[in-house]
Amino acid sequence: MYIDKECKRGYNEYINCDVNNGENSMMDAALLIMEDGDTYSFHEEKKEMAWIMFEGKATVEYAGRSVDIDRPNPFEYSTYCLHLCAGDGCTITAHGHCEFYVQKTYNDNQFDAHLYTPEETDTWRRGADGECNGCIKRDVRTSFDYGNAPYSNMVLGEVVNLPGKWSSYPPHWHPQPEVYFYHFDKPQGFGAGWVDDEVCELHHNGLAVITKNTHSMVMAPGYPCCYAWGIRHLPGNPWKKTRIDDPIHEWLVDPKAKFWTGEENEG
């Protein structure tokens, strides 16, 4: 499923666990938009929650702490991500325009609140070594997953998808449901993606809910996109960087694979 939404100031909900099981994602997903002086508080009794700050400057109060966070843009600066267990809460005060991607799911586990800073965020420069002839160069940033938060029922991170490049590639899938939330550097930005066997045109503030099969995507030349990606662990089957490559396209990951580029015909 792919959802486009006209977002306004405030909390813009896309999917909810309590409505059709979050469109089978088992999660809530939303975009919080704030302006200078706005305050917003989160408190969930039964759901763990996490947010990623796409852009802005704000003060966040949680677990007796008050922290100032500042992210001019998601392309040149890594992210802040706050992760809270059920029963915990936080209050955000905006100091200018701010945007936060928000994700929630049911979880009875108790754990300490944690604000993942840019310095703590793991960044994998995928394709930097020329993999797939440079066509899948991107930054994959992980705030938390099973490796550093095994008590969580979710995974949350983001990907910086360069203009004209592919991501979630080579084609692969995993049994755990996943969501992608798209944040282009310009509101007219667009791309294309495979979402549950349908090819969709992707837009700024669009959400893809992926529950089956491969989910590759590509952004149009001139339009970089930073998209949040979240995965819901399945009971007894958490996502441990699970990746099942499409056997038809497995040759793409062969380090000895040769690609025709057209350069042979130049000159």
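The protein chain folds into one helix and 22 strands, both taken as DSSP runs numbered from the N terminus (H or I of at least four residues for helices, E of at least two for strands). This is a predicted model, in which local features need pLDDT of at least 70 and side-chain atom pairs count only at pLDDT 80 or more, while totals for chains, interfaces and linings use all residues. Residues are numbered from 1 along each chain as its sequence is written, and side-chain values use heavy atoms, with hydrogens and water left out.

**Overall shape**

- A compact globule of 267 residues would have a radius of gyration near 18 Å, and the protein chain agrees with its 19 Å; the radius is taken over C-alpha atoms, and the globule rule is 2.2 Å times the number of residues to the power 0.38.
- The C-alpha trace spans about 65 × 40 × 35 Å along its principal axes.
- Of the 267 residues, 53% count as buried (under 20% relative accessible area; exposed is over 50% and partly exposed in between, with a 1.4 Å probe and protein chains only).

**Aromatic pairs**

- You will find 18 aromatic pairs here; rings of Phe, Tyr and Trp (its six-membered ring) pair if their centres lie within 6.5 Å, and planes under 30 degrees apart count as stacked, over 60 as edge-to-face and the rest as tilted.
- One of them joins Y11 and F42, which are edge-to-face because their ring centres are 6.2 Å apart and their planes stand at 70°.
- Y11 sits in strand β2 (residues 10-15) and F42 in strand β4 (residues 39-43), so this pair ties together parts 31 residues apart in sequence.
- Y11 is partly exposed at 25% relative accessibility, whereas F42 is buried at 5%.
- Y180 and Y227 make a tilted pair, with ring centres 4.7 Å apart and planes at 50°.
- This pair also links distant parts of the chain, with Y180 in strand β16 (residues 178-184) and Y227 in strand β21 (residues 225-232), 47 residues apart.
- Both partners are buried: Y180 has 3% relative accessibility and Y227 has 1%.
- Y180 and Y227 belong to one aromatic cluster with Y2 and Y182.

**Charges over rings**

- K5 lies over the face of Y14, at 5.7 Å from the ring centre; the rule asks for NZ of Lys or CZ of Arg within 6 Å of the ring centre and within 35 degrees of the ring normal.
- K47 places its charged end over the ring of Y106, 5.2 Å from the centre.

**Strand β2 again**

- E13 is also found in strand β2, and counts as partly exposed at 37% relative accessibility.
- E13 and L32 are 19 residues apart in sequence, with their C-alpha atoms 8.5 Å apart in space.

**Pocket and cavity**

- The largest pocket has a volume of about 410 Å³; on a 1 Å grid over the protein atoms alone, a pocket is an open set with protein on both sides within 12 Å along at least five of seven lines, a cavity is a set of points where a 1.4 Å probe fits but cannot get out, and lining residues have an atom within 4 Å of a point.
- Of its 22 lining residues, W124, V140, W229, W239 and R243 are the closest to the pocket centre.
- Strands β11 (122-126), β12 (138-144), β16 and β21 each supply at least two residues of that lining.
- The structure holds one cavity of 30 Å³ or more, and the largest cavity has a volume of about 40 Å³.
- Residues lining the largest cavity include W173, H174, E178 and K212.

Key:
Grid points are joined across faces, edges and corners, and a volume is the space filled by probe spheres set on the points.
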